[in-house]
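The following exercises are to be worked through with the sequence and the coordinates at hand. Each task is followed by a solution in steps.

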Amino acid sequence: MIRKAHILTLPLVLLFVACQTVEPPKAVGPTPSQRQMDWHELQYYAFVHFNMNTFTDMEWGTGGESPALFNPTQLDTRQWAKVAKDAGMKGIILTAKHHDGFCLWPTKTTEHSVKNSPWKDGKGDVVQELADACKEHGLKLGLYLSPWDRNNEHYGKPEYVKIFHEQLRELLTNYGELFEVWFDGANGGSGYYGGANETRKIDNKTYYEWEKTTEMIRELQPNAVIFSDGGPDIRWVGNEEGWANETNWSVMRRDEIHPGWPRYVELRSGHEDGTHWLPAEVNTSIRPGWYYHPGEDHQVKTLPRLVQTYYESIGRNGNFLLNLPVDDRGLVHENDVQQLMALKAQIDTDFAQELAQGNTASASNVRGNSSTFNAEKAIDGDFETYWATDDGTTQASITISLDKPTKVNRILLQEYIPLGQRIKKFTVSAEVDGTWLVLDEQTTVGYKRILRFETVTATQIKVDILDAKGPITLSTLELYNAPPFLVDPKITRNRDGMISIEIPDDEVDVYVTTDGKEPTTTSKKYDGPFSVLTPTNVKVIAVNPNNGQQTQTVSQYFDLAKKDWKVVGALQNDTDVVKLMDDDPNTFWATDENSSNSNEITIDLGASHTITGFSYWPIQERYPFGIITKYEFWVSQDNRTWKSVSEGEFSNVANNRIEQKINFNPTLARYIKLNALEKHNGDTRTSFAEIGVFTTNQ
Ligand code: FUL
C-alpha cells in the first residue's frame with residue numbers, strides 16, 4: 001500500500017515542481033549597464049581617421065600646420081556612410097580632433113579649425129555633415145576628441161583643460177545622439193604649442209579632470225559609452241593589430257587603469273577578478289597607417305587577414321572597430337571599399353545557415369528542472385532566453401542531437417551577460433560515427449565566442465562547461481558549416497629556393513604547374529614546399545573539393561635563386577644584409593649613414609650569368625626611409641672592371657612602393673652593383689627590401 005501511494009504521488013510532485021516559478025540565477029560579479037549592453041550588440045563599426053594629417057602625409061601632426069592645408073576636393077560623408085552601411089557596420093567614429101589639434105567643426109574655442117581652411121570657404125563642418133549622413137543611413141555616430149593637443153598654446157596649463165572640456169561640450173551638444181566618445185591614451189610630449197615648440201608633460205591621471213569629463217558626458221549624452229584605455233565603459237584591447245586574447249574577460253579591476261596605463265598588455269585578457277564591467281573594443285586600421293598615405297594604396301589588408309581579424313575580435317568577445325583612412329579627396333578609397341565588401345561577403349558566406357535550431361537540445365542539469373531554463377533556450381534564436389543550471393552547479397554539459405549527420409566547422413556561443421560573465425573553461429566535442437571527438441578546449445565565452453575547427457560530420461555536438469564563476473547561463477549555441485575559404489593562393493620563395501604556397505584553409509586543394517601550362521585539377525597537387533632554382537613560372541589554382549569551384553590562376557615568376565649570392569666587401573660580416581636578397585620584400589636592409597659609401601650595394605652572384613634586367617623592392621615599413629628614386633646599375637665579371645648598364649628613375653616609387661623592374665640589353669655578369677643616385681627626401685641612408693636579377697626578359 002505504502003509503495004503504491006508513492007508511485008501515485010510522484011507525478012504530482014513533479015507537476016508541482018514544474019509549476020513553481022524557478023528564480024533566475026543571481027548576478028555573478030559586475031554586470032553591464034544598459035548603454036554597455038547596447039554597445040555589445042553593435043559588434044562592428046567604422047573608425048574614420050580624416051583630418052589635417054590626411055593632407056600632410058603624417059600620422060601625428062606637430063600642431064604647427066596651417067589650416068590652409070585642409071582642403072579636400074570631393075569630401076562626401078554620404079559615401080563614407082554608404083560604404084560603412086554596405087559593409088555591415090553599425091556606426092562611424094570620426095577623429096573630430098587628433099593630436100595636432102585641428103578641429104573638424106567650427107569650434108568657438110580655437111582658430112585652428114575648418115573655419116580657417118579653404119574648404120567650403122571656411123563655412124564647412126565635417127562633423128555636421130557626417131552626423132547628417134549617418135542619420136540618413138541609419139548609422140550611429142561616435143566622436144574621437146584627442147585630449148593631447150599639440151597646437152594649443154595653453155596645453156599643459158589649467159586653461160587648456162577648460163578649452164578641452166568646452167570642445168567636448170560643443171560636440172556633445174550640437175550633433176545629435178552619440179553612441180561613443182573616444183579618448184586616446186597618447187598624451188603629452190613635444191609639439192608646436194602656439195609656437196613654443198617644446199616638450200610638455202602632464203599627469204594623465206589628474207590633468208584632464210576625468211571625473212568632470214565623465215559627468216558632462218553622462219549629463220549631455222546619457223546613452224554614450226566612454227572609451228579609453230580604462231573606460232569607464234569600454235576599454236582598449238591593448239594592441240592595434242586587431243586581436244583580443246582567447247581568454248577575454250569583460251571585467252577588469254578598473255580602478256587600477258588610467259589613459260596611457262603602462263600595464264596595457266593586461267587589457268588583452270581583462271581581469272578574471274575584475275571589479276567593473278569593462279569590455280574590449282578591438283581597433284585596427286585597414287591599412288598600415290591610421291591616416292591615408294598614397295604610398296599605402298597597395299597595402300590594404302588582404303581578405304584572409306581581415307577574416308582572421310573578424311574571428312579574433314568579434315569571435316573573441318570583443319567589438320570590432322575597423323579604421324578607414326579617408327583619403328585627401330575626402331572619400332573612402334576604392335581599394336579599401338573593395339576589401340570591405342569582400343569581408344562582408346565572406347562573413348555572410350561563413351554564417352549563411354544556422355544548423356542547431358530545430359534540433360533537440362538536452363543538458364546534464366537544468367535549473368530547477370524548469371522549462372524556462374532548459375537546453376532548448378540556447379538554440380531558440382532568442383538572446384533573452386537562456387539555459388541555466390542550479391545554484392552550485394558550475395560543471396554541466398549541453399548536447400545538440402542533430403536530425404541527421406551534419407557537417408559542422410563553426411560554433412558560436414553567447415553567455416547571458418546581463419547576469420555577468422561566468423564561464424572559465426569549456427570543451428566542444430562532436431559525435432562522429434558513434435565516437436566522441438574533442439574538437440577544442442577553451443576558456444572564456446562572454447558576449448560572443450566563435451570557434452573554428454576542421455569540418456566534422458556529426459550526429460551530436462556537445463559543450464562541456466568545466467568551470468564557471470557561478471551557475472551557467474548560456475543564451476546562444478549556434479552551429480555553422482562554412483564552405484572552404486577560397487582565396488587566391490600566395491606563392492613565395494625563400495633564399496634557398498624553396499617555393500611555398502599559402503592558403504588560409506587546409507580543406508582547399510591547390511594544384512601547381514612549373515612548365516608554363518595552365519593548372520587544372522589533373523595537375524600536380526601541392527603537398528609541401530618544393531625547390532625552384534632556375535627561371536620558372538609557378539602557376540597555381542585553389543579548388544574547393546566539395547563543389548569544384550576554383551580561383552583564377554595565380555602566376556609568379558622566379559628567376560635565379562639567391563642561395564649562393566653574397567654581398568661583397570666589409571658588409572659580408574653584417575648578418576642582416578642577407579635581408580636584401582632573401583626573396584622576402586617585407587624584410588629590408590639599409591646602409592649606415594656613417595659608412596664610407598652609404599649609396600650602393602655590390603653583390604657576387606656566385607657564378608657568371610647573362611642578365612637582362614634587375615629589380616628593386618622599396619622598403620615596406622610603416623615609416624619608410626632611404627628609398628632610391630634615381631639609380632645606376634653596374635655589372636662586372638671580376639669585381640674590378642665595372643660597366644654601367646642602366647641609369648634612370650623609379651617613378652612615383654615613394655608613393656607606390658611596389659617592385660621596380662628594369663630591363664637592359666643582355667650582358668654577362670658575375671657581380672652586380674646598385675647605386676642610389678638620389679633618394680626620396682634626400683635621405684642619407686639607402687634602404688633595400690629586395691634586389692633581384694632577370695636572366696629572361698620580364
Ligand atoms: C593611437 C593614436 O596615437 C593614433 O594616432 C590613432 O589615433 C590610434 C587610433 O590611437 O594611440
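This is a predicted model: local features need pLDDT of at least 70, side-chain atom pairs count only at pLDDT 80 or more; totals for chains, interfaces and linings use all residues.

**Exercise 1. The chain as a whole**

Describe the secondary structure, extent and burial of the chain.

Solution. Begin with the elements: the chain contains 9 helices and 34 strands. Next, consider the extent: along the principal axes, the C-alpha atoms fill a box of roughly 115 × 70 × 45 Å. For burial, 55% of the 698 residues count as buried. The accessible surface amounts to about 29700 Å², and carbon and sulfur atoms account for 48% of this area. Finally, among contacts with a separation of 6 or more, 74% join residues 24 or more positions apart.

**Exercise 2. Helix H2 and the residue after it**

Which residues of helix H2 (residues 34-42) are buried?

Solution. The buried residues of H2 are Gln36, Met37, Trp39, His40 and Leu42. The helix is followed by glutamine 43, which has a positive phi, near 65°.

**Exercise 3. The setting of serine 397**

Is serine 397 buried or exposed?

Solution. First locate the residue: serine 397 belongs to strand S15 (residues 396-415). Its relative accessible area is 13%. Buried means under 20%, so serine 397 is buried. Then list its neighbours: leaving aside residues up to four places away in sequence, serine 397 touches Ser362, Ala363, Ser364, Trp387, Lys462, Val463 and Asp464.

**Exercise 4. Backbone geometry in loops**

Where do aspartate 121 and glutamate 209 lie, and what is the phi of each?

Solution. Aspartate 121 is placed in the loop between strand S2 (91-97) and helix H5 (126-136). Although not a glycine, aspartate 121 has a positive phi of about 50°. Its relative accessible area of 65% makes aspartate 121 exposed. Glutamate 209 is situated in the loop between strand S6 (198-200) and H7. This residue, likewise no glycine, has a positive phi of about 55°. With 36% relative accessibility, glutamate 209 counts as partly exposed.

Which peptide bond is cis, with omega near 20°?

Solution. The bond from glycine 231 to proline 232 is cis, with omega near 20°. Proline 232 sits in the loop between strand S7 (225-228) and strand S8 (234-236).

**Exercise 5. Aspartate 506 and cysteine 134**

How far apart are the C-alpha atoms of aspartate 506 and cysteine 134?

Solution. Start with the location: aspartate 506 is part of the loop between strand S21 (498-502) and strand S22 (509-513). Its relative accessibility is 72%, and aspartate 506 counts as exposed. Along the chain, aspartate 506 and cysteine 134 are 372 residues apart.

Notes:
Residues are numbered from 1 along each chain as its sequence is written. Side-chain values use heavy atoms; hydrogens and water are left out. Helices (H or I, at least four residues) and strands (E, at least two) are DSSP runs, numbered from the N terminus. Buried means under 20% relative accessible area, exposed over 50%, partly exposed in between (1.4 Å probe, protein chains only). Contact means heavy atoms within 4.5 Å. Accessible areas come from the Shrake-Rupley method with a 1.4 Å probe; for residues, only the protein chains shown count as cover.
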